[in-house]
Amino acid sequence: EQGSGNEVGTSFAAPTDPLRIRLTAADSTGQTAFAERVVQVVEGDGNAPPVVVIRQPDRLQVNGSPVAGYFSFQPASFLGTAFDVEDPLADLDIVWELVAITGVGGGPLPSPPVPNPAPISGTLAPEFHFDPSANSFYRLTLRATDRGGLTSADSVEIYAQSSPIL
């Protein structure tokens with residue numbers, strides 16, 4: 001079940017020793033669980049990489065991969081978010097790419113049976129058009145590069161099929 005919460009932001013005036021961050025969640029019955037990570041705040045060098053997240057398809061709606069299925073004879077719309085500490089969104093180089101893969105978790109197909117859709121640049125809400133006969137797993141990747149040349153990426157796996165299941 002999907003929940004909700006609030007982001008908590010903190011600014012550090014100086015580097016820190018390793019510190020533990022804990023996320024605690026509670027369900028409607030009062031049961032709780034938590035996850036912890038140890039992080040260290042280091043002095044910045046003046047350029048941090050961008051942060052990118054694929055929002056649609058929503059990987060929180062599916063337990064595992066692929067996270068979504070599409071009919072290859074229809075356009076497929078996606079949605080992402082990008083942010084950079086130093087650069088405004090308009091200055092980020094944003095590129096989406098769909099690459100046919102050998103299967104869930106697999107590598108790129110060197111010779112896919114149909115051409116991969118062309119990459120789409122400059123938008124966080126692309127609409128891809130598959131070859132109408134595409135029947136394959138794809139890795140959808142969103143990349144953002146800042147003015148300092150740092151790049152970050154997010155990927156999900158999807159499936160495109162050429163006909164509805166009857």
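A pocket is defined on a 1 Å grid over the protein atoms alone: it is an open set of points where a 1.4 Å probe fits, with protein on both sides within 12 Å along at least five of seven lines, and its lining residues have an atom within 4 Å of a point. This is a predicted model, in which local features need pLDDT of at least 70 and side-chain atom pairs count only at pLDDT 80 or more, while totals for chains, interfaces and linings use all residues. Residues are numbered from 1 along each chain as its sequence is written, and side-chain values use heavy atoms, with hydrogens and water left out.

The second largest pocket is lined by Val 53, Ile 54, Arg 55, Asp 58, Arg 59 and Leu 60. Its space is about 190 Å³, a volume being the space filled by probe spheres set on the grid points. The lining has 3 nonpolar, no polar and 3 charged residues; here Asp, Glu, Lys and Arg count as charged, and Val, Leu and Ile are among the nonpolar ones.

One of the lining residues, Arg 59, forms a salt bridge with Asp 154, and the closest N and O atoms are 2.4 Å apart. The pair links distant parts of the chain, 95 residues apart: Arg 59 lies in the loop between strand E3 (51–56) and E4, and Asp 154 lies in strand E11 (residues 151–161). A salt bridge here is a side-chain nitrogen of Lys or Arg within 4 Å of a carboxyl oxygen of Asp or Glu, and the structure holds 7 of them. Strands are DSSP runs of at least two residues, numbered from the N terminus.

The loop between E3 and E4 also contains Pro 57. The peptide bond from Gln 56 to Pro 57 is cis, with omega near 10 degrees.

E4 and E11 belong to an open sheet of 5 strands with mixed pairing, in the order E4-E11-E10-E7-E8. Strand E4 (68–71) and strand E8 (120–121) stand at the edges with a single partner strand each, so one side of each has no neighbour in the sheet. Two strands pair if DSSP finds at least two bridges between them.

Strand E7 (residues 93–101) runs antiparallel to E8, joined by 2 bridges. Trp 96 has Ile 120 in E8 as its bridge partner, and Val 95 has Ser 121. E7 also pairs with strand E10 (residues 136–145) in the antiparallel sense, over 9 bridges. There, Ile 94 stands opposite Ala 144 in E10.

Note on methods: Helices (H or I, at least four residues) and strands (E, at least two) are DSSP runs, numbered from the N terminus.
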